[in-house]
Amino acid sequence: MHIDLTGQAAIITGASSGLGRAAAIAFAAAGAAVAVNYNSSEDKAREVVDTIVQAGGKAFACAADTSDEGAVIRMFDETAKRFGGVDIVFANAGMQKDAAYAEMTIADWKQVIDVNLTGQFLVTREAVRRFRQQGDRGVSRAIGKILFMSSVHEVIPWAGHANYAASKGGSGMLMRTLAQEVAGDSIRVNGIAPGAIATAINADATADQDKLLELIPYGRVGDPDDVARAALFLVSDAADYIVGSTLTIDGAMSLYPGFRDNG
């Protein structure tokens, strides 16, 4: 199946590294013009842009703290000015600040919720506003596509990561609620929920491969391209009848492998 995003403009938040980087490169390879959002890693974002441009694609690096409403609006303004509109928004930016529950500070709780959940709200709310304002640009069956980055921890509890798990549980319900509200406007909203993927944010969790693989029935840790390919499919017309769904990408981790032998 060939996926073609030619003529479409995409914003990918947190695209300077990890899953966002892989998605930006994949979307651009499929023909999309990509706004590579970053908060603090300008050099890494420019490296992603260079990779895309050298391969013949279109991209620019766009600084914005996605938990800042004004910064989010400016990011959309700049993208629309450069590319003529916005057709795809992947709310990918996220972070972890881990601690045991009783030791977690309110600052660490708020920072994770602000980025992982409030940031997704601000980015996707602006996406809905822009899609409605610009209408049908004639580049896709939907007038706009929104993709939320969630995690298997929207359903699997994760001791020592209460803020992260809470943000991802909230992300899943936020996605489904938004999808229900805007499907009638021809706006498609979906989510992806990766499991153990070999990225910097998961470096500690993926360090002990033998122990980790006990939790993954498929027998391997995922790589960023596994997630990028799934994201690319969901924002394409090949997935046009998929609305309000979360695609889990985890090698069966969320199937509770401890119960394979009746627990």
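## Burial and the model

A residue is called buried when its relative accessible area is under 20%, exposed when the value is over 50%, and partly exposed in between. Asp87, with a relative accessible area of 2%, is therefore buried. The structure described here is a predicted model.

Strand E5 spans residues 144-149, and six of its six residues are buried. In a regular strand the side chains alternate between the two faces of the sheet. On one side of E5 stand Gly144, Ile146 and Phe148, and on the other Lys145, Leu147 and Met149; both faces are covered.

E5 pairs with strand E4 (residues 88-91) through four bridges, and the two strands run parallel. Within this pairing, Phe90 is placed opposite Leu147 of E5. Between E4 and E5 the chain passes through helix H4 (residues 106-134), forming a right-handed β-α-β crossover. E5 also pairs with strand E6 (residues 187-194), again in the parallel sense, over six bridges. Ile187 in E6 is the bridge partner of Gly144. A right-handed β-α-β unit is formed by E5, helix H5 (residues 162-182) and E6.

## Aromatic pairs

The whole structure contains three aromatic pairs. One of them joins Phe27 and Phe90: the ring centres are 6.4 Å apart and the planes meet at 25°, so this pair is stacked. Phe27 belongs to helix H1 (residues 18-29) and Phe90 to strand E4, and the two are 63 residues apart in the chain. Phe27 has a relative accessibility of 0% and is buried; Phe90, at 1%, is buried as well.

Phe60 and Phe83 form an edge-to-face pair, with 5.6 Å from centre to centre and 65° between the planes. Because Phe60 lies in strand E3 (residues 58-63) and Phe83 in helix H3 (residues 69-83), this pair ties together parts that are 23 residues apart in sequence. Phe60 is buried, its relative accessible area being 5%.

## Salt bridges

Side chains of opposite charge can pair when their charged atoms come close. The structure holds 14 salt bridges. Among them is the one between Arg137 and Asp87, at 2.7 Å from N to O. Arg137 is in the loop between H4 and E5, whereas Asp87 is in the loop between H3 and E4, 50 residues apart. Arg137 is partly exposed, with a relative accessible area of 29%, while Asp87 is buried at 2%.

Arg176 and Glu154 also meet in a salt bridge, at 3.7 Å from N to O. Arg176 lies in helix H5 and Glu154 in the loop between E5 and H5, so the contact ties together parts that are 22 residues apart in sequence. Arg176 is partly exposed, at 34%. In helix H7 (residues 224-234), Asp226 and Arg229 are three residues apart, which means a separation of about one helical turn. These two residues form a salt bridge whose closest N and O atoms are 3.0 Å apart. Asp226 is buried at 16%, but Arg229 is exposed at 52%. A network of salt bridges links Asp77, Glu126, Arg129 and Arg130.

## Surface features

Val155, Tyr256 and Phe259 make a nonpolar surface patch of about 350 Å². Val155 is located in the loop between E5 and H5 and is exposed, with a relative accessible area of 51%.

Gly251 lies in the segment after strand E7 (246-249) and is partly exposed, at 27% relative accessibility. Gly251 and Glu126 are 125 residues apart in sequence, and their C-alpha atoms are 33 Å apart in space.

Conventions. Residues numbered from 1 in each chain as written. Predicted model: local features only at pLDDT ≥ 70, side-chain atom pairs only at ≥ 80, totals over all residues. Heavy atoms only, no water. Buried < 20%, exposed > 50% of the residue type's maximum accessible area, 1.4 Å probe, protein only. Pairing = 2+ DSSP bridges. Right-handed = clockwise from strand over helix to strand, strands pointing away. Patch = residues over 30% accessible without salt bridge, like charges linked within 9 Å, V, L, I, M, F, W, Y side chains within 5 Å. Areas by Shrake-Rupley, 256 points an atom, 1.4 Å probe, with all protein chains shown as cover. Salt bridge = Lys/Arg side-chain N within 4 Å of Asp/Glu carboxyl O. Phe/Tyr/Trp six-rings, centres within 6.5 Å; stacked < 30°, edge-to-face > 60°.
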